[in-house]
Amino acid sequence: MKHLNEEELIEHYYGKGKENGVTGRHIEDCAECAEAYEALRSDLDEFSATQPPPRDAAYGERVWQSLAPSLPVYEAQRRSWFPAALWKGLGYAAACALLLVGGFFAGRQWEHRQTLAVNKPPQAQPRPVHPPQRVVVVVLGDHLERSERLLVELKHADAGSEEMLSPLRDEARTLLAANRICRKNASKIDDPALAPALDHLDQVLAELANHNGPWSAAELERLQHEMNADGLLFEVRVLRTRIPDHRAAIDARQNGGTI
Amino acid sequence: MFRMGKNDHATIRAVLSGDKEAYGALVVRHSHSLFRVAFRITGNEADAEDVVQEAFLRGYQKLESFESRSNFGTWIYRIAVHCALDRISARKADDSSRVAEATDPEQNEIQVADLAAGPDRLLLSGEIGALQQAAMRGLTPTERTAFLLRHMEDCSSEEIAAALGIAPNAAKQAVFRAVHKLRLRLAPLKVRI
């Protein structure tokens, strides 16, 4: 039989062991444990005899009378403490809000910079340039060459020579249509003088193509001078001289080189 | 263990609202229980009265932190236990100069400083309480308080744990150790009777 140890006997003495009755039954059945429990009970019962000195009924009142003068009134404390606590809380709240706002803007700045860094093209990478189309350059060259011939013939035309002016009118009509196509594609040629020259040429060709009837000397002279046909002829010649450069540039780009 | 006055919470609200005199009702209601436990821990009437006053003073100062779902009696009782433990800790040096607690390993007897008479005479003259007090002083503060709360105040292990701020199992073990030590130290006296 397993005997009860001192802890079990102590628990039984203080009532815990009596709840389930197992310890009590064991003590009843086991003489050795009963003797041990009796010794424990005897020892502990002696301590129960010690009692604190009694206090009379007025003891509590006396304690309060001696204590009361040293106690502050709570309302006064609350008046002085509450604002401090309120300001302290508000301070914490303001600090938290400041941190939150600061963090928000810092995050936005950081994100903005990251976005710029991602979208910014590398400095070393050259800006892509759309090269002028070879077909446009060739057609333009032919157009300028035919326009130059027309302007030369116009410069030397006589007012009474209808045989000479009539083919010029037909050529002007043909060139007028071609000139409008060239004007549309002039932006593809990187030459600032080209568009104004083609505009000027368009006016002359239109005047020439739309004239009905025989040319009088005055009309021809007005066209040659007022339309500044000589100046236009010079511009066309200059542009023609640049066409080989454009062709060379196109050839270089198509061969993988740079200008 | 504690009688929770039905009006304790209402009284506390009144105190916190500025009615200082209302605290007097709490003091009157719980003074006796506090004096009892304070005396048992300190073993001294004057110290016990000081502990009661200090406990109520601390309680008043911390009243705002008192949670309404708690029992004021348990709360102020716990404060009193701590005050009493603080008091005996401060008194420890003085006690050691008056009472020698060393135990003779050969005879396993308690050596009390003012034991002019022998143990038999002490027992016969009804001074066994002094021997018990001497044996109690051989316990650690936790053991002594746990034993007093268990044995004298009929507190449960949970209540002792709450008062001492320890785990319930630790409170139970403290009681076991206290009983074991007390019996061990008082056993030679009983043999001589």
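# Exercises on a two-chain model

At 1.5 Å a residue, helix 3 of chain B, with 17 residues, should span 24 Å, and its end C-alpha atoms are 25 Å apart, which agrees. The expected span is 1.5 Å times one less than the number of residues. Helices (H or I, at least four residues) and strands (E, at least two) are DSSP runs, numbered from the N terminus.

This is a predicted model, in which local features need pLDDT of at least 70 and side-chain atom pairs count only at pLDDT 80 or more, while totals for chains, interfaces and linings use all residues. Residues are numbered from 1 along each chain as its sequence is written, chains are lettered from A and ligands numbered from 1 in the order in which they are written, and side-chain values use heavy atoms, without hydrogens and water.

**Exercise 1.** Describe the cap and the buried residues of helix 3 of chain B.

Solution. 
- Step one, the cap: Asn44(B) caps the N-terminal end, with a side-chain oxygen 2.9 Å from the backbone nitrogen of Ala46(B).
- Step two, the buried residues (under 20% relative accessible area, 1.4 Å probe, protein chains only): these are Asp47(B), Ala48(B), Val51(B), Val52(B), Ala55(B), Phe56(B), Gly59(B) and Tyr60(B).

**Exercise 2.** Work out how chain B meets chain A, from the contact residues to the salt bridges.

Solution. 
- Step one, the residues: the contact (heavy atoms within 4.5 Å) takes 45 residues from chain B and 39 residues from chain A.
- Step two, the area: about 3,900 Å² is buried between the chains, and carbon and sulfur atoms give 59% of this. Buried area is the accessible area (1.4 Å probe) that two parts lose on being put together, summed over both.
- Step three, the leading residues: in chain B, His151(B), Phe176(B) and Arg183(B) lose the most area to chain A, together 16% of what that side buries.
- Step four, the charges: five salt bridges (a side-chain nitrogen of Lys or Arg within 4 Å of a carboxyl oxygen of Asp or Glu) are counted between the chains. Lys172(B) and Glu11(A) meet in a salt bridge through their side chains, at 3.5 Å, N to O.
- Step five, the elements: helix 3 (45-61) and helix 9 (168-192) of chain B are among those that give two or more residues to the side touching chain A.

Technical notes:
Buried < 20%, exposed > 50% of the residue type's maximum accessible area, 1.4 Å probe, protein only. Polar contact = N/O pair within 3.5 Å; in protein donor to acceptor, adjacent residues only side chain to side chain.
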